[in-house]
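This report covers the nonpolar core and the salt bridges of a predicted model. The sequence and structure come first.

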Amino acid sequence: MAKRFQITLAGESTRFWATPELTLLRASLAGNGGLLSSCRNGTCRACRCKLLQGEISYLIEWPGLSAEEKADGWILPCVAQARSDLLLQRP
C-alpha cells in the first residue's frame, strides 16, 4: 500500500490525503480539498498557503515566492509534495 499523508486546513473541517508523488494541489483536487489554482506551475500564487506543521519538498528549485515569504512559512501547493502529515492555512 502506498504511503499517504493527511493534509488538514487550519480552522476548517477540510482534510484530504496526499501520496508522496502527487503535488498538494493535485491531491486537493482529487480529494475535494478546495485549494485554489490557476497556473499550476508555481508562478501565479493563487494556491499559496502557509505551512504550519509538517514537511514538504518542491518539484522545482525556487517556486514563485520571495525569500521572506519562504522564511515565513508560505508554500505553493501546486509544486509542493508532502513528506509528512501537514497543517496548512489559507491566506
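## Nonpolar core

A nonpolar core is a set of buried Ala, Val, Leu, Ile, Met, Phe, Trp, Tyr and Cys residues joined through side-chain atoms within 4.5 Å. In this predicted model, the largest such core has 22 residues. Ile7, Leu24, Ala82, Leu86 and Leu88 have the most contacts inside it. Two or more residues each come from strands E1 (5–9), E2 (15–18), E5 (74–75), E6 (80–82) and E7 (86–89), and from helix H1 (24–30).

Leaving aside residues up to four places away in sequence, Leu88 touches Ile7, Thr8, Leu9, Ala10, Cys49, Lys50, Leu51 and Ile75.

## Arg90 and Glu12

There are three salt bridges in the structure. One of them joins the side chains of Arg90 and Glu12, at 2.9 Å from N to O. Arg90 is in the segment after E7 and Glu12 in the loop between E1 and E2, so the bridge ties together parts 78 residues apart in sequence. Arg90 is partly exposed, at 27% relative accessibility, and Glu12 is also partly exposed, at 32%.

Glu69 and Arg45 meet through their side chains in a salt bridge of 2.5 Å, N to O. Because Glu69 lies in helix H2 (residues 67–71) and Arg45 in the loop between H1 and strand E3 (49–53), this pair ties together parts 24 residues apart in sequence. Glu69 is buried, with a relative accessible area of 15%, whereas Arg45 is partly exposed at 30%.

Arg48 also forms a salt bridge with Glu69, with the closest N and O atoms 3.6 Å apart. Arg48 sits in the loop between H1 and E3, 21 residues from Glu69 in helix H2. Through shared partners, salt bridges join Arg45, Arg48 and Glu69 into one network.

Terms used:
Residues numbered from 1 in each chain as written. Predicted model: local features only at pLDDT ≥ 70, side-chain atom pairs only at ≥ 80, totals over all residues. Heavy atoms only, no water. Buried < 20%, exposed > 50% of the residue type's maximum accessible area, 1.4 Å probe, protein only. Helix = DSSP H or I, 4+ residues; strand = E, 2+ residues; numbered from the N terminus. Contact = heavy atoms within 4.5 Å. Salt bridge = Lys/Arg side-chain N within 4 Å of Asp/Glu carboxyl O.
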